[in-house]
Amino acid sequence: MLKNKEIVVGITGGIAAYKTAELVRAFTRKGANVHVVMTKNAMEFVTPLTFQTLSGNPVIHNSFELFTGSKIGHIALADVADQVVIVPATANIIGKIANGIADDFLTTMIMAITVPVLFVPSMNTKMWESTIVQRNIEKLKDNGYQFMEPGSGDLACGTSGKGRLPTIEEIVERMEDIFTEKDLMNERILVTAGPTMEFVDPVRCITNRSSGKMGYAIAKIAKRRGAEVTLITGKTYIESPHGDIQVIEVTTAVEMRDAVIDHYRRSTIIIKAAAVADFKCKAENCQKIKKQCNVDSMTLELEKNPDILEELGRIKENRILVGFAAETDNVLEHAVDKLKRKNLDLIVANNVAQEGIGFGSDNNEVSIIDKTGGVRHVPRLSKDEIAHVILDAVKKAMKKRKKKEEDWY
Ligand code: PMT
């Protein structure tokens, strides 16, 4: 989303200015071209050299300076920018812009800007809560400027409360959100993710290597594209996706099945990326199974878990149902079999024996198969990018179905 975007980062004079260095790095890592503008007060906290090094572009810090060999002035930069983020946004910069003051490069540029401007405030709690600051924020919001809420916790001034800069990940996520077209606005998407765990006894379990990354990426991107998202997840060690996503945690396959059945009716689209254990222990061992010193092996008797996807395939009505197929051989063949057997609209096949994709990794490489047998191979991409492609395929399937219904009448 941020690839090849021109992002202007306005840094103002607050202690959180030092965190902006990490933000600039995060933007450049995502392929954005970053232009840093610093106020005079910002330079009391951090130096332009840091940001010039990190962004690879000259840093603008002198009111109306034009750079030798660069055409970028306040109007030119305003024209070039795809998005502006002011971070940290102090009470001072909020007040100045809210009241039309344009007395340095940053404030003057903002007057000429037509693209989205995101303020990321960070300040002392009492300043944040002051009527004047809040009134200025309301005024700016009314004029289309966007704001992030500060976090709560220990503040640099030695107090504790609201006023902390949101995390770098949250700021990047919000910027990506602003750039993303809200094309799933009317959809309610149920996503499953992560592994299930089946207990052998109170201390041991049968599980698998799913990290939850694939399902979490789908939930995050679906939310970013405007959908209402419910995420049903097995136990994972990754951070829950940010933003307004309903997250339901489960442990076993039976718990996942019950949560899915409780929630599927509200959904228009269901995407099952979870790695569900096919079997669970037949006996419930309430005490830890003791090691028997005189035996070299032991047998666990397993019984079948419910197949959640298969059940959904029977009751889905006109919902779009997407399954995954984690295969190690004859990938397409097995995936097509699951697509048909479980009455799916789409299946996303991945070869989990391949290095660097599938379980636990940040990337995946998949084939998306539709019910007419059409196959789209998606080369190795980040799981966020794969999530976009899957959601595009879902949209295409919905469009096809709509056309079919229209042709019918
Ligand atoms: O979580 P990550 O580390 O990011 O890894 C991603 C992934 C490899 C887990 C993911 O890309 C993936 O392939 N998920 C499906 C894993 C799986 O269980 O595949 P399967 O071929 O065994 O199952 C087929 C489908 O039936 C899946 O949609 C699965 O959710 C569903 N299923 C399976 C068994 C069962 N009892 N109930 C089910 O609903």
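The model is predicted. Five strands make up an open, parallel sheet. A search of the whole structure turns up 29 salt bridges.

**The parallel sheet**

- The strand order is β2-β1-β3-β4-β5.
- The edges are β2 (33-38) and β5 (146-147), and each of these strands pairs on one side only.
- Strand β1 (residues 6-11) pairs with strand β3 (residues 83-89) in the parallel sense, over four bridges.
- Within that pairing, V85 in β3 is the bridge partner of V9.

**Helices on the sheet**

- Helix α4 (residues 91-98) packs on the sheet and touches β3, β4 (117-121) and β5.
- The direction of α4 makes about 135 degrees with that of β3.
- Helix α8 (residues 168-179) also packs on the sheet, where it touches β1, β3, β4 and β5.
- For α8, the angle to the direction of β3 is about 155 degrees.

**Buried face of α10**

- Helix α10 spans residues 253-263, and its buried residues are A253, M256, A259, V260 and I261.
- The cover over these residues includes four strands: β8 (188-193), β9 (198-201), β11 (228-233) and β12 (246-249).
- Helix α11 (308-315) is also part of that cover.

**Nonpolar surface patch**

- Four residues form a nonpolar patch on the surface: F279, M298, L300 and L302.
- Together they have about 370 Å² of accessible area.
- M298 sits in the loop between β14 (279-281) and β15 (302-304).
- The relative accessible area of M298 is 57%, so this residue counts as exposed.

**Salt bridge E149 to K162**

- E149 and K162 form a salt bridge, with the closest N and O atoms 2.3 Å apart.
- The pair links distant parts of the chain, 13 residues apart.
- E149 lies in the loop between β5 and β6 (151-154), while K162 belongs to strand β7 (residues 160-164).
- E149 is partly exposed at 47% relative accessibility.
- K162 is partly exposed too, with a relative accessible area of 26%.

**Salt bridge R225 to D183**

- R225 forms a salt bridge with D183, and their closest N and O atoms are 2.9 Å apart.
- R225 is in the loop between α9 (213-224) and β11, and D183 is in the loop between α8 and β8.
- D183, at 21% relative accessibility, counts as partly exposed.

**Salt bridge D362 to K213**

- The side chains of D362 and K213 meet in a salt bridge of 2.9 Å, N to O.
- D362 is exposed, with a relative accessible area of 52%.
- K213 is partly exposed at 25%.

**Salt-bridge network**

Methods: Residues numbered from 1 in each chain as written. Predicted model: local features only at pLDDT ≥ 70, side-chain atom pairs only at ≥ 80, totals over all residues. Heavy atoms only, no water. Pairing = 2+ DSSP bridges. Helix = DSSP H or I, 4+ residues; strand = E, 2+ residues; numbered from the N terminus. Contact = heavy atoms within 4.5 Å. Axes fitted to C-alpha atoms, helices over the stretch in contact; angles between N-to-C directions. Buried < 20%, exposed > 50% of the residue type's maximum accessible area, 1.4 Å probe, protein only. Patch = residues over 30% accessible without salt bridge, like charges linked within 9 Å, V, L, I, M, F, W, Y side chains within 5 Å. Areas by Shrake-Rupley, 256 points an atom, 1.4 Å probe, with all protein chains shown as cover.
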